[in-house]
Amino acid sequence: MGERGEVFSSRLVIRDDRTYFFNVKENYMGDLYLNIVESRETDTPGKFMRQSIIVYQEDLGAFVREMQKSLDYIQMNGKKVTGRAIKEREERKNQEKE
């Protein structure tokens, strides 16, 4: 068992302003669970806001099925994100920081 019960961890960095951590942990009974953490910088440099959800091993199948339904809906009905849209969003964010 790893530090704080972590047995596996991966990280996804999105555009340098948001990071997702996918941590598989083991509790004191040996049960595995998934801890998903979003971390993003606040308006105060060096300060981060963290939000977390925990999905227990016995709920993972149902969780993934429902998440897939949401992803399918977004893919079918969401607007297309282009490189231009991403650039405009980043420019707005930079202007807000100034």
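Modeller: Asn 35 is found in strand β3, which covers residues 32–41; strands here are DSSP runs of E of at least two residues, helices are runs of H or I of at least four residues, and both are numbered from the N terminus. This is a predicted model, in which local features need pLDDT of at least 70 and side-chain atom pairs count only at pLDDT 80 or more, while totals for chains, interfaces and linings use all residues. Residues are numbered from 1 along each chain as its sequence is written, and side-chain values use heavy atoms, with hydrogens and water left out.

Asn 35 has a relative accessible area of 7% and is therefore buried (buried means under 20% relative accessible area, exposed over 50%, and partly exposed in between, with a 1.4 Å probe and protein chains only). Leaving aside neighbours within four places in sequence, Asn 35 is in contact with Phe 21, Phe 22, Asn 23, Lys 25, Ser 52, Ile 53 and Ile 54, where contact means heavy atoms within 4.5 Å. The side chain of Asn 35 also reaches the backbone oxygen of Ile 53, at 3.3 Å. From C-alpha to C-alpha, Asn 35 lies 9.4 Å from Ser 9, a residue 26 places away in sequence.

Strand β3 also carries Tyr 33, a member of the one aromatic pair in the structure. The ring centres of Tyr 33 and Tyr 56 are 6.0 Å apart and the planes stand at 45°, so the pair is tilted (rings of Phe, Tyr and Trp, the last by its six-membered ring, pair if their centres lie within 6.5 Å; planes under 30 degrees apart count as stacked, over 60 as edge-to-face, and the rest as tilted). Because Tyr 56 lies in strand β4 (residues 48–56), the pair ties together parts that are 23 residues apart in sequence. Tyr 33 is buried at 18% relative accessible area, whereas Tyr 56 is partly exposed at 43%.

A further residue of strand β3, Glu 38, forms a salt bridge with Arg 18, with the closest N and O atoms 2.8 Å apart (a salt bridge is a side-chain nitrogen of Lys or Arg within 4 Å of a carboxyl oxygen of Asp or Glu). This pair links distant parts of the chain, since Arg 18 belongs to strand β2 (residues 18–26) and is 20 residues from Glu 38. Glu 38 is buried, with a relative accessible area of 11%. Arg 40 forms a salt bridge with Glu 38 as well, the closest N and O atoms being 3.5 Å apart. Both arginines are partly exposed, Arg 18 at 25% and Arg 40 at 27%.

The whole structure holds three salt bridges. One of them joins Lys 69 to Glu 66, with closest N and O atoms 3.0 Å apart. Because these two residues are three apart in helix α1, about one helical turn separates them. Salt bridges that share partners, by contrast, join Arg 18, Glu 38 and Arg 40 into one network.

Of its 98 residues, 13% are buried.

Methods
Polar contact = N/O pair within 3.5 Å; in protein donor to acceptor, adjacent residues only side chain to side chain.
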